Amino acid sequence: MRIAILSRNENLYSTRRLKEAGEARGHEVDIIDTLHCYMDITSSNPTVRYMGKVLPQYDAVIPRIGSSITFYGTAVVRQFEMMGTFCVNESVAISRSRDKLRSLQLLSRKGIGLPRTGFASKPDKIKDLIKNVGGAPLVIKLLEGTQGIGVVLAETTKAAESVIEAFMGLKANILVQEFIKEAGGADIRCFVVGDKVVAAMKRQAAEGEFRSNLHRGGVAQLVKLSKEERATALNAAKAMGLNLCGVDILQSNHGPVVMEVNSSPGLEGIEQATEKDVAGLIYAFIEKNAKPNANKTRGKG
Ligand code: ADP
Ligand code: MG
């Protein structure tokens, strides 16, 4: 098959691994820099241009759209959908997953376990907002944060009030969440491809830290999922409409709760922790499902 990886950086581990794994399975794999794609969106015969030429009709596109280019990146994916190219994740699903509030609302609608979460935009009634999600200790998150930056643990109501006031003073969008203390600084990354959790790892935060992000010094190890955890991850992926994603789960004393769903999950940590050929499994999914016009929205979303 002819497959394109949409990625800003061909040197990233995940991008390199995807190219290598695809070629090992006999595919022709091009890495296309998303921001360098351009197009005539009004043409009745949609195409994508790149480096002065029209890109070939690929059998499949693997979008690796970084959160800083979601707006343009999803437009490029949508153009491929209009061309009938099979996109492993559809543009609408990527957009959904990038909006933390929209994601949590969608997951909640499907009855998926979540930490109690609230959000507000104006600093009036902060006390009531805090009370409403169960009081301190609380986790306060910047909606635009990644890699654990912008995630704060407020141990007391007073601390929570000051942090919320400070963020709101900066006009930052935030959410306020029940602190799952019993997770003990660990979370579980479930790597979903199609309708399977193909790999899972437990990430343990560094000593004295509650954020388990590998970028914050967390350590990953292989984990065996419970039936409930597996079902939660698959339901979350389905609710978001993502074929390929990382579902992050906390083990709470009211069952597994979903923290976030990542539409461009990294391969390095999960392949190292599980010693699985996760990139190869992504191609197995493509080989089975990539047909012209197989995407649900075909660019309509
Ligand atoms: P980011 O998008 O920056 O990774 P997350 O929401 O994933 O932000 O939070 C970062 C880390 O903080 C998580 O991996 C988890 O270890 C910890 N964490 C986040 N929310 C909670 C919570 N409600 N209770 C306990 N720990 C949490
Ligand atoms: Mg995270």
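Start at Lys 125, in the loop between strand 8 (117-120) and helix 5. Helices (H or I, at least four residues) and strands (E, at least two) are DSSP runs, numbered from the N terminus. Look at the backbone here: Lys 125 has a positive phi of about 60°, yet it is not a glycine.

Two notes before moving on. This is a predicted model, in which local features need pLDDT of at least 70, side-chain atom pairs count only at pLDDT 80 or more, and totals for chains, interfaces and linings use all residues. Residues are numbered from 1 along each chain as its sequence is written, chains are lettered from A and ligands numbered from 1 in the order in which they are written, and side-chain values use heavy atoms, with hydrogens and water left out.

**The cis bond**

Select Ala 136 and Pro 137. A cis peptide bond joins Ala 136 to Pro 137, with omega about -5°. Pro 137 sits in the loop between helix 5 (126-132) and strand 9 (138-142).

**Ligand 1**

Now show ligand 1. It is surrounded by 20 residues (a heavy atom within 4 Å). The closest are Lys 141, Gly 148, Glu 178, Asn 213 and Glu 260.

Next, pick out the polar contacts (pairs of N or O atoms within 3.5 Å). A polar side-chain atom of Ser 212 is 2.9 Å from an oxygen atom of ligand 1. For Gln 177, a side-chain N or O atom lies 3.1 Å from a nitrogen atom of the ligand. A polar side-chain atom of Lys 100 is 3.3 Å from an oxygen atom of ligand 1.

**Helices 3 and 4**

Keep Lys 100 selected and colour helix 3 and helix 4 (residues 100-109). Their axes, lines fitted to C-alpha atoms over the stretch in contact, are 5 Å apart, and the helices pack at about 100° (angles run from 0 to 180 degrees between N-to-C directions). Helix 3 is therefore roughly perpendicular to helix 4 (65 to 115 degrees). Ser 95, Arg 96, Ser 97 and Arg 98 of helix 3 are in contact (heavy atoms within 4.5 Å) with Lys 100, Arg 102, Ser 103 and Leu 106 of helix 4. These residues divide into one nonpolar, three polar and four charged.

**Helices 2 and 3**

Helix 2 packs on helix 3 (residues 91-98) at about 160°, with axes 8 Å apart. That makes the pair roughly antiparallel (over 145 degrees). Thr 70, Thr 74, Val 77, Arg 78 and Glu 81 of helix 2 meet Ser 91, Ile 94, Ser 95 and Arg 98 of helix 3. The contact has two nonpolar, four polar and three charged residues.

**Helices 1 and 9**

Finish with helix 1 (residues 13-24) and helix 9 (residues 278-289). Their axes come within 9 Å and cross at roughly 60°. Select Arg 17, Leu 18, Lys 19, Ala 21 and Gly 22 in helix 1; they meet Ala 279, Gly 280, Ile 282 and Tyr 283 in helix 9. Five of the contact residues are nonpolar, two polar and two charged.

Note on methods: Nonpolar A, V, L, I, M, F, W, Y, C, P; charged D, E, K, R; others polar. Polar contact = N/O pair within 3.5 Å; in protein donor to acceptor, adjacent residues only side chain to side chain. Parallel < 35°, antiparallel > 145°, perpendicular 65-115°, else oblique.
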